[in-house]
Amino acid sequence: MTKLLIYPAIDSKRLSRIQDVSDQLTITNANGLPEALDEIKDADAFFGKITPELLAPAVNLKWIQSPTASLEHYVFPELVEHPVQLTNMRGLFYDVIADHVMGFVLCFARNLHTYIRQQAESNWQPIGGKAGKPDFVTGPGQVSQVDRSHIHLSDCSLGVIGAGSIGAEICRRAAAFGMQVYAVDPIATEIPGVVDEVWNVDRLNDLLALSDFTVIAAPHTPQTEKLFRTAQFQQMKSSAYLINIGRGAIVDLKDLTAALQNGDIAGAALDVFEIEPLPQEHPLWSMENVIITPHIAAASTRVPERHLETLLENLRCFLTNKPFITLADKQNWF
């Protein structure tokens, strides 16, 4: 029999699904830390929040399943040094977050965030001015100031930092809008049918210089922490927009604020921040060229079912000695 310890305890519905995986599986659904500390001594596998205290007596432990995709708040030195294999929950959010990104892109391209503000004031005002709008006499025969104030997406490029499941799906969505797509990643080399060559991260500056929209879809790792500072913003076009749905720690908040204030970039759409919640007095709140959402880009009713299926599939892999589907790199947190 293989023993799986779950802590904190989960609901009976999910517990039943896990038990159905194999009749060779013994499950302890621990209701408290004392029980977990006792049961982990002979556990083969663990699902939940591992800690140094729990790991210390786990002499038989071979596999840990994290309940989250992000690992910066999960990994600790003893876990890195331990021979146990770690899997995470990456791959759950690819389409959901890609939808959120394209929502940001469309807002900036069509000025939707500005029009929503104007709606609250009953203000009928085309961006670019009423005088610049074609009338029924002349028609749209010449490019107007209103036209110039709205972005034609198929004339634009979008660059993605991080070509994992989320980044790749963002690229697919952007390509469907006719955009030129670029990507950098330390591992991926292509996104079939979309990006023939995913550049290595040493070409980040090339991506920044080419992109009208730059999207951060990378995880927080030792290599990506504060990857975006003043130097990176100055590599971007002054007409470009930054979108961050990756991790707040990747972007230095002070440098981003200065880049927006100085006009180094045209705007930013941010779902994650170096400081969360973003302080109420922070200047980003009042900038009309900034769109803020409160770390909800992954919100979807589909995610919990995928979360369970990932756990079940990794459990099947463990029981049959097959490669895990989401094996994590403990040293680099992904």
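**Entry 1. A pairing in the sheet, and the model as a whole**

How many bridges pair β8 and β9, and in which sense do they run? I looked up the two strands and found four bridges, with β8 and β9 paired in the parallel sense. I note at the outset that I am working with a predicted model.

The protein has 12 helices and 11 strands. Of its 334 residues, 48% count as buried. Along its principal axes, the C-alpha trace spans about 80 × 45 × 40 Å. I also looked up contacts between residues at least 6 apart in sequence, and 58% of these join residues at least 24 apart.

**Entry 2. The sheet of six strands**

I traced the sheet that contains β8 and β9. It is an open sheet of six strands in the order β7-β6-β8-β9-β10-β11, with parallel pairing. Two strands, β7 (180-184) and β11, stand at its edges; each has a single partner strand, so one side of each is left without a neighbour in the sheet. From one strand to the next, the twist averages 15°.

I next went through the pairings around β8. Strand β6 (residues 157-161) is joined to β8 by four bridges, again in the parallel sense. Within that pairing, Leu 158 has Phe 213 of β8 as its bridge partner. On the β9 side, I found that Val 215 is partnered by Ile 243. I followed β9 onward to β10 and found four bridges between these parallel strands. There, Tyr 241 stands opposite Gly 267 in β10.

**Entry 3. The two faces of β8**

Which residues of strand β8 (residues 213-216) lie on each side? I found Phe 213 and Val 215 on one side and Thr 214 and Ile 216 on the other, and all of them are buried.

**Entry 4. Helix α11**

I listed the buried residues of helix α11 (residues 253-262): Leu 253, Asp 255, Leu 256, Thr 257, Ala 259 and Leu 260. These residues pack against α10 (230-235), β9 (241-244), β10 (267-270) and β11 (290-292).

I then examined what lies at the ends of α11. Asp 252 caps the N-terminal end, with a side-chain oxygen 3.2 Å from the backbone nitrogen of Lys 254. Just after the helix, Gly 263 takes a positive phi of about 80°.

**Entry 5. The sheet of five strands**

I turned to the other open sheet that I had marked for study, which has five strands in the order β2-β1-β3-β4-β5, with parallel pairing. Its edge strands are β2 (25-29) and β5 (85-87), and each pairs on one side only. The twist here averages 20° from one strand to the next.

Inside this sheet I looked up strand β3 (residues 45-48) and strand β4 (residues 63-65), which run parallel and are joined by three bridges. Phe 46 stands opposite Ile 64 in β4.

Which strands does helix α12 (residues 303-320) touch as it packs on the sheet? I found β1, β2, β3, β4 and β5, and the direction of α12 makes about 170° with that of β4. I also found helix α1 (residues 12-19) lying across β1 (2-7) and β2, and running at about 160° to β2.

**Entry 6. Helices α5 and α6**

I looked up how helix α5 (residues 94-110) meets helix α6 (residues 112-120). They pack at an angle of about 70°, with their axes 6 Å apart. The angle makes α5 roughly perpendicular to α6. The contact is made by Leu 106, Cys 107, Phe 108 and Arg 110 of α5 and by Leu 112, His 113 and Tyr 115 of α6. By class, I recorded five nonpolar, one polar and one charged residues in this contact.

**Entry 7. Asp 95**

Is Asp 95 buried or exposed? Asp 95 is found in helix α5. Its relative accessibility is 18%, and the cut-off for buried is under 20%, so Asp 95 counts as buried. I then looked for its partners. Leaving aside neighbours within four places in sequence, Asp 95 is in contact with Glu 169, Arg 173 and Arg 306. With Arg 306, the contact is a polar one between the two side chains, at 2.9 Å.

How values were computed:
Residues are numbered from 1 along each chain as its sequence is written. Side-chain values use heavy atoms; hydrogens and water are left out. Buried means under 20% relative accessible area, exposed over 50%, partly exposed in between (1.4 Å probe, protein chains only). Contact means heavy atoms within 4.5 Å. A polar contact is a pair of N or O atoms within 3.5 Å; within protein, one must be able to donate a hydrogen and the other to accept it, and residues adjacent in sequence count only if both atoms are side-chain atoms. Axes are lines fitted to C-alpha atoms, for helices over the stretch in contact, and angles run from 0 to 180 degrees between N-to-C directions. Angles under 35 degrees count as roughly parallel, over 145 as roughly antiparallel, 65 to 115 as roughly perpendicular and the rest as oblique. Ala, Val, Leu, Ile, Met, Phe, Trp, Tyr, Cys and Pro count as nonpolar, Asp, Glu, Lys and Arg as charged, and the others, Gly among them, as polar. Two strands pair if DSSP finds at least two bridges between them.
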